[in-house]
Amino acid sequence: MTMTAEERIQSLERKVEELSGELGMLKDIHSVRTLHFKYGYYMDKCLFGEIVDLFSDNCEIYFMGGLFRGKAGARRLYGGTTGLNGPVHGMLFEHLLGQDIVDVAADRMTAQGRFRTFMQGGVHASKTDAPPNIPAQFWEAGVYENIYTKEDGIWKFKVFNYNVSWQALYEHGWAHTPAGGTLMVKPYTKTYPADPKGPDQLTVPPRLWPDNTIVPFHYPNPVTGKWLKPPAK
Amino acid sequence: MTMTAEERIQSLERKVEELSGELGMLKDIHSVRTLHFKYGYYMDKCLFGEIVDLFSDNCEIYFMGGLFRGKAGARRLYGGTTGLNGPVHGMLFEHLLGQDIVDVAADRMTAQGRFRTFMQGGVHASKTDAPPNIPAQFWEAGVYENIYTKEDGIWKFKVFNYNVSWQALYEHGWAHTPAGGTLMVKPYTKTYPADPKGPDQLTVPPRLWPDNTIVPFHYPNPVTGKWLKPPAK
Amino acid sequence: MTMTAEERIQSLERKVEELSGELGMLKDIHSVRTLHFKYGYYMDKCLFGEIVDLFSDNCEIYFMGGLFRGKAGARRLYGGTTGLNGPVHGMLFEHLLGQDIVDVAADRMTAQGRFRTFMQGGVHASKTDAPPNIPAQFWEAGVYENIYTKEDGIWKFKVFNYNVSWQALYEHGWAHTPAGGTLMVKPYTKTYPADPKGPDQLTVPPRLWPDNTIVPFHYPNPVTGKWLKPPAK
């Protein structure tokens with residue numbers, strides 16, 4: 001049962017093709033996770049121009065009960081909240097990102113990613129002219145469940161879906177966050193242009209801490225392969 | 001010294017085999033780190049059924065001076081602490097995980113991994129019926145040094161070894177954690193079934209903050225290749 | 001246009017060579033990120049001997065307005081700050097590291113890496129003999145922009161550039177950090193040997209919170225490929 005030279009070359013060609021695809025997938029995972037991490041470093045410094053560039057032209061951004069569409073939507077959202085552009089003396093917006101779970105589709109043209117953030121934000125006591133909606137010092141934690149798209153070989157944000165898990169004033173901690181209250185950004189109730197910084201569409205209002213919900217996972221249980229049915233409450 | 005076609009094909013076959021193994025190892029690293037990260041997301045939401053599924057049938061779980069064996073042990077531990085299953089309004093158990101160092105064995109059937117967690121936990125002030133052993137708001141940090149096993153191509157937890165580094169009440173901070181005290185879970189002093197939620201075996205009691213110990217590294221110094229001998233105290 | 005066996009073998013040789021290089025790059029990324037993460041675990045426990053071993057003989061370490069050169073410089077810096085070596089009962093120096101962005105040069109002999117840290121440090125209330133310059137409990141956050149070098153196949157720190165983003169006492173939070181003040185380590189004003197633990201050279205004094213600056217990125221915008229020009233202030 002020895003293979004001929006021809007058969008061995010064919011077999012090598014198949015294997016090399018296969019390896020090339022698998023390697024490409026690992027490179028895609030690297031690109032997507034670093035794309036998302038770069039987003040975080042830009043957010044730290046309110047570099048909103050850089051951030052809008054990371055989105056696909058036909059992106060969808062879900063945030064606080066609103067859906068923002070395309071670059072125009074992205075531009076209203078980023079910077080719209082605070083009016084800032086670039087780092088500001090005395091203002092802190094640290095976006096610590098991690099726990100990345102990136103899965104690339106078989107055709108390597110889209111990917112899904114779950115990440116979390118743990119933020120430290122606020123305004124230094126010496127700064128007296130900060131926008132009024134930013135608390136002096138606060139924590140925020142949240143989960144992203146995003147879709148990424150590869151366009152001309154470059155990975156971009158396609159569906160951006162950030163879900164605040166909890167927020168808390170530094171002085172009070174998470175046990176004392178006012179129920180239903182939110183810091184900085186209230187859930188959207190009006191669309192653009194009625195709200196000049198508003199979303200294109202209203203979606204489901206977010207359920208905020210002390211409510212406790214599961215942001216749906218884009219993957220099944222990695223051992224059983226079964227998709228989660230959230231436990232009854 | 002030109003190689004014949006036969007020699008070149010042989011050389012290609014060897015190299016492709018080698019690349020395939022190295023690539024497989026990178027894929028294994030990806031699987032193990034995302035397995036561990038998925039564990040963290042499940043822990044956030046008390047999805048204990050999902051978690052028990054991540055363990056090998058003959059797993060060993062080391063926690064707070066106890067050793068839990070197999071699925072039965074895992075079931076007593078997860079959920080046993082709080083009796084919860086699924087996210088609960090007003091209860092927070094955030095498991096931020098990262099700093100993964102995963103090393104896969106040459107045969108690619110086992111792997112070792114070091115991770116850390118930084119947790120935010122507690123109970124919202126509005127919730128009056130929480131289990132009594134959960135502080136209103138607390139921090140916890142810890143280090144995992146685990147062994148993973150691949151069974152039928154699927155990575156699972158084999159030896160789970162979580163070590164609390166420090167805990168602190170939010171109001172007091174880590175400088176004021178009572179010496180020898182622990183939050184939520186006390187070191188085990190009785191085995192199952194005498195303790196219905198207890199371990200199968202007692203091990204070395206944990207040394208807790210303000211004690212300061214090194215969870216042994218599964219790897220040598222990456223530059224010198226020498227294994228750490230902890231400094232004398 | 002069918003290829004001859006010779007042409008197919010040549011094509012395979014080229015592709016395998018290419019795959020080997022790309023795979024090597026992913027392995028390099030893994031080595032660099034875990035090198036940096038291992039540094040963090042050593043820092044947790046003041047394992048300064050292990051840390052100095054991670055540096056290239058001709059390393060450059062930038063910290064707090066000082067430049068430390070080579071192993072001798074590294075030895076003055078690590079351990080010099082506190083005089084410690086190994087974990088100490090009652091002292092906490094947690095270095096949570098993540099958000100790694102590692103880019104390997106085409107020749108695979110150097111790499112650049114951006115990481116961030118979020119630290120919890122301090123001294124337990126029961127410990128009365130701690131060095132006087134360590135606050136009881138504090139937060140620190142910072143960004144690394146490093147260069148790594150591969151020597152004899154082993155990745156090491158070549159240029160180590162750690163930038164404190166902000167520090168805060170636990171009791172006060174980041175809104176109330178004294179302007180221009182620093183915890184533990186003051187910006188250097190004298191070189192070695194006038195300052196026995198000082199740097200070889202003074203550099204630009206660090207701009208500290210509530211100042212808010214951008215640690216330059218080692219990469220362009222991943223979508224546009226354009227390098228950031230920081231916004232005017």
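By class, 27 nonpolar, eleven polar and nine charged residues make up the lining of the largest pocket, where Ala, Val, Leu, Ile, Met, Phe, Trp, Tyr, Cys and Pro count as nonpolar, Asp, Glu, Lys and Arg as charged, and the others, Gly among them, as polar. This is a predicted model, in which local features need pLDDT of at least 70 and side-chain atom pairs count only at pLDDT 80 or more, while totals for chains, interfaces and linings use all residues. Residues are numbered from 1 along each chain as its sequence is written, chains are lettered from A and ligands numbered from 1 in the order in which they are written, and side-chain values use heavy atoms, with hydrogens and water left out.

The space in the largest pocket amounts to about 990 Å³. A pocket here is an open set of points on a 1 Å grid over the protein atoms alone, where a 1.4 Å probe fits and protein lies on both sides within 12 Å along at least five of seven lines, and lining residues have an atom within 4 Å of a point; grid points are joined across faces, edges and corners, and the volume is the space filled by probe spheres set on the points. The lining of the largest pocket counts 47 residues, of which A:Asn163, A:Thr213, A:Ile214, A:Val215 and A:Pro216 are the closest to its centre. Two or more lining residues come from each of strand 1, strand 4 (110-123), strand 5 (137-151) and strand 6 (154-169) of chain A, and likewise from helix 1 and strand 3 (91-104) of chain B; helices (H or I, at least four residues) and strands (E, at least two) are DSSP runs, numbered from the N terminus. Strand 6 of chain A gives the largest share of this lining, with seven residues.

The second largest pocket holds about 740 Å³ of space. It is lined by 39 residues, and those closest to its centre are C:Asn163, C:Thr213, C:Ile214, C:Val215 and C:Pro216. At least two lining residues each are supplied by helix 1 and strand 3 (91-104) of chain A and by strand 1 (55-63), strand 4 (110-123), strand 5 (137-151) and strand 6 (154-169) of chain C. Strand 6 of chain C provides the largest share, five residues, and the lining as a whole divides into 20 nonpolar, ten polar and nine charged residues.

The axes of helix 1 (residues 5-44) of chain A and helix 1 (residues 5-44) of chain B come within 10 Å and cross at roughly 30°, axes being lines fitted to C-alpha atoms, for helices over the stretch in contact, with angles from 0 to 180 degrees between N-to-C directions. That angle makes the two helices roughly parallel, a description used for angles under 35 degrees, whereas over 145 counts as roughly antiparallel, 65 to 115 as roughly perpendicular and the rest as oblique. Helix 1 of chain A passes helix 1 of chain B in a left-handed crossing, meaning that the near helix is turned anticlockwise from the far one by less than a right angle, clockwise being right-handed. The contact residues of this pair comprise 14 nonpolar, three polar and eight charged.

For helix 1 of chain B and helix 1 (residues 5-44) of chain C, the axes come within 10 Å and cross at roughly 30°, and these helices are therefore roughly parallel to each other. Their crossing is left-handed, and their contact has 14 nonpolar, three polar and eight charged residues.

Most residues other than glycine have a negative phi, and most peptide bonds are trans. The table lists departures from this pattern.

| Site | Feature | Value |
|---|---|---|
| A:Trp209 to A:Pro210 | cis peptide bond | omega about 15° |
| B:Tyr192 to B:Pro193 | cis peptide bond | omega near 5° |
| A:Met64 | positive phi | about 50° |
| B:Met64 | positive phi | near 50° |

A:Pro210 is found in the segment after strand 7 (201-202) of chain A, whereas B:Pro193 sits in the loop between strand 6 (154-169) and strand 7 (201-202) of chain B. A:Met64 belongs to the loop between strand 1 (55-63) and strand 2 (66-69) of chain A and is buried, with a relative accessible area of 5%, where buried means under 20%, exposed over 50% and partly exposed in between (1.4 Å probe, protein chains only).
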